[in-house]
Amino acid sequence: MLTHDPHHGSKGRLTPSELKSLIEQSLDADKAEDIVSIKLDEQTGLADYMIIASGTSSRHVSALTDKILKRLALNGIKSVGVEGKDRSDWVAIDAGDVIIHLFRPEVRNFYNIEKMWGNFQPFEVVRDPLHA
C-alpha cells in the first residue's frame, strides 16, 4: 500500500530516504518480488541507495517500470534514465539519489548483483515473501 502522498509533507525535492521509500512502496504495491534495498557507501558516488526487485515476467518488469516512472513524475522527478526496457529482462532506472534494478527472476539469479553490492554494504530485505 502506498502511503506517500505527493501533495502532503515535504515541499519541493524528495530527500533520498523519501525517494527510496516511495520506490519501495511502489514496487510492493505492484507486487514486485524479493525487494532489497542497499545503502550505498559515499565512496561509490553513484547514488545514496540501490533497490533491486524482481517481476514475474518481462511484461511484469515492464509494468513495474512504467508505474515507477509515473509515480516519480507525479513527485516532480522527470529526468530519469532508463535502460533495458525494450527487452525488460533487466531494467535499470536512474532516479538520481536511487538506482533501481528490476529483473526477471532467472536474469537476477544469473547476475546476482545484490551479492556483489551486499558483500560490501549492509542491505535490508524490504519484503520477505516467506513472511508476507
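This is a predicted model: local features need pLDDT of at least 70, side-chain atom pairs count only at pLDDT 80 or more; totals for chains, interfaces and linings use all residues.
Entry 1, Glu-24. I looked up where Glu-24 sits and found it in helix 1, which covers residues 16-29. Is Glu-24 buried or exposed? I read a relative accessibility of 11% for Glu-24, so I noted it as buried, the limit for that word being under 20%. Next I listed what touches Glu-24, leaving aside neighbours within four places in sequence. The list holds Ile-35, Ser-37, Ile-51 and Val-126.

I placed Thr-65 in helix 2, residues 58-74. I noted Thr-65 as buried because its relative accessible area is 0%. Which backbone oxygen lies 2.9 Å from a polar atom of the Thr-65 side chain? I found that it belongs to Val-61. Again I set aside neighbours within four places in sequence, and then read the contacts of Thr-65. They are Val-82, Lys-85, Val-91, Ile-93 and Leu-102.

I found Tyr-111 in helix 3, which runs over residues 105-111. Which residues form a nonpolar patch on the surface with Tyr-111? I wrote down Trp-90 and Phe-110. Together with Tyr-111, they have about 350 Å² of accessible area.

Key:
Residues are numbered from 1 along each chain as its sequence is written. Side-chain values use heavy atoms; hydrogens and water are left out. Patches are made of residues with over 30% relative accessible area and no salt bridge: like charges are joined within 9 Å, nonpolar side chains (Val, Leu, Ile, Met, Phe, Trp, Tyr) within 5 Å. Accessible areas come from the Shrake-Rupley method with a 1.4 Å probe; for residues, only the protein chains shown count as cover. A salt bridge is a side-chain nitrogen of Lys or Arg within 4 Å of a carboxyl oxygen of Asp or Glu. Helices (H or I, at least four residues) and strands (E, at least two) are DSSP runs, numbered from the N terminus. Buried means under 20% relative accessible area, exposed over 50%, partly exposed in between (1.4 Å probe, protein chains only). Contact means heavy atoms within 4.5 Å. A polar contact is a pair of N or O atoms within 3.5 Å; within protein, one must be able to donate a hydrogen and the other to accept it, and residues adjacent in sequence count only if both atoms are side-chain atoms.
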